[in-house]
Amino acid sequence: AVDSGKPDCVSAGEVALSLPLLPLPDAADARSLLAEREAAIEALIRQGATPDDLNPARYQVQWAQMLLRTAEENIGLASVTVPVQVVRINEVAVVGVAGELFVEAQLAIKHASPFPSTLVAAYANGCVGYIPVAEAYLDGGYEVEHSYKGYRLPAAIAPGAAEKVTATAIGLLRAAAANGAPG
C-alpha cells in the first residue's frame, strides 16, 4: 500500500425511508379479486392442469388472500421501509439500497456523487422489491404491475420512490464527503 501521509477517512450514514405504496382497494374489491383468482384455479383444476401449471395460479390466490386481509384491516395507504446506506472509505463510496433500484436512479446517484468512485449496491441488507423510476410507470410491465406480489406487498411501490431514494443517497454522499473534509 502507498502511504499518502494522510490518515484514512472512513464514515457511514443510513436513512430508513418510508416509501408509500399505490392505493389499496377496499375490502369489497379485494374480495372480488380473490374470487376471480379462486375461480381461475378451479378452472385449471377442472381442465386437468399439472401441478407446475397450477403453481402460478396458487401464487395469485395467496397474494389475493393477503390483499384481502390487508384491505379488511383498513390500513389505507400502506408503505414499506427501505434502508439507504452510504459507506465512505477514503475516495470510494458505496451506496446500499434494500431494493432493486432502477438503473436510471443508480446512474443519477453515481453522477451526483462527490466521490471519484461510487458503487451502488442493490439488495443491500434486504430487498423490498423493484423501485422503478417515475417514467417506468407509464410503460407498465412486470416490475411495475406484477413483481410486488412476489415480494408480498399488497400494491406496487408508488411513483416517486426511486427519486426519493436517489435524493436521500446523494444527501448521504454529500454528508460523508463533508465528514472527511479538512477542518
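In which loop is Arg-152 found? Arg-152 is found in the loop between helix H6 and helix H7 (161-179), where helices (H or I, at least four residues) and strands (E, at least two) are DSSP runs numbered from the N terminus. The structure is a predicted model, in which local features need pLDDT of at least 70 and side-chain atom pairs count only at pLDDT 80 or more, whereas totals for chains, interfaces and linings use all residues. Residues are numbered from 1 along each chain as its sequence is written, and side-chain values use heavy atoms, with hydrogens and water left out.

## Positive phi values

Most residues other than glycine have a negative phi. Arg-152 is not a glycine, yet its phi is positive, at about 60°. Arg-152 is exposed, with a relative accessible area of 53%; here buried means under 20% relative accessible area, exposed over 50%, and partly exposed in between (1.4 Å probe, protein chains only). Asn-90 also has a positive phi, near 55°, and its place is in the loop between strand S2 (79-89) and strand S3 (92-97). Asn-90 is partly exposed, with a relative accessible area of 29%. A positive phi near 55° is found again at Asn-74, which follows helix H2.

## The nonpolar core

In soluble globular proteins, nonpolar side chains tend to be buried together. A nonpolar core is taken here as a set of buried Ala, Val, Leu, Ile, Met, Phe, Trp, Tyr and Cys residues joined through side-chain atoms within 4.5 Å. The largest such core has 52 residues, and of these Ile-131 and Ile-157 touch the most other members. Helix H2 (residues 51-72) gives the most to this core, with nine residues. Leaving aside its neighbours within four places in sequence, Ile-157 is in contact (heavy atoms within 4.5 Å) with residues including Leu-19, Pro-20, Val-80, Tyr-130 and Ile-131.

| Helix | Length | Reach, first C-alpha to last | Expected at 1.5 Å a residue |
|---|---|---|---|
| H7 | 19 residues | 27 Å | 27 Å |

The buried residues of H2 include Leu-54, Ala-57, Val-61, Trp-63, Ala-64, Leu-67 and Leu-68, and among them are also Gln-60 and Thr-70. These buried residues of H2 pack against H1 and H6. On the H1 side, Glu-38 is found in helix H1 (residues 27-46) and is partly exposed, with a relative accessible area of 34%. Not counting residues up to four places away in sequence, Glu-38 touches Val-61 and Gln-65. Glu-38 and Ala-57 are 19 residues apart in sequence and 8.2 Å apart in space, C-alpha to C-alpha.

In H7, the buried residues include Ala-161, Ala-162, Val-165, Thr-166, Ala-169, Ile-170, Leu-172 and Leu-173.

## Aromatic pairs

A search of the whole structure finds three aromatic pairs, a pair being rings of Phe, Tyr and Trp (its six-membered ring) whose centres lie within 6.5 Å, with planes under 30 degrees apart counted as stacked, over 60 as edge-to-face and the rest as tilted. The rings of Trp-63 and Tyr-148 have centres 6.0 Å apart and planes at 70°, so this pair is edge-to-face. Because Trp-63 lies in helix H2 and Tyr-148 in helix H6 (residues 147-150), the pair ties together parts that are 85 residues apart in sequence. Both Trp-63 and Tyr-148 are buried.

Tyr-130 and Tyr-142 form another edge-to-face pair, at 6.0 Å centre to centre and with 85° between the planes. This pair links strand S6 (residues 130-131), which holds Tyr-130, to helix H5 (residues 142-145), which holds Tyr-142, the two residues being twelve apart. Tyr-130 is buried, with a relative accessible area of 18%, whereas Tyr-142 is partly exposed, with a relative accessible area of 48%. Together with Phe-102, Tyr-130 and Tyr-142 form one aromatic cluster.

## Cysteines

The structure holds zero disulfides, a disulfide being a pair of cysteine sulfur atoms within 2.5 Å. Cys-9 is buried, with a relative accessible area of 17%, and Cys-127 is partly exposed, with a relative accessible area of 31%.

Conventions:
The expected span of a helix is 1.5 Å times one less than its number of residues.
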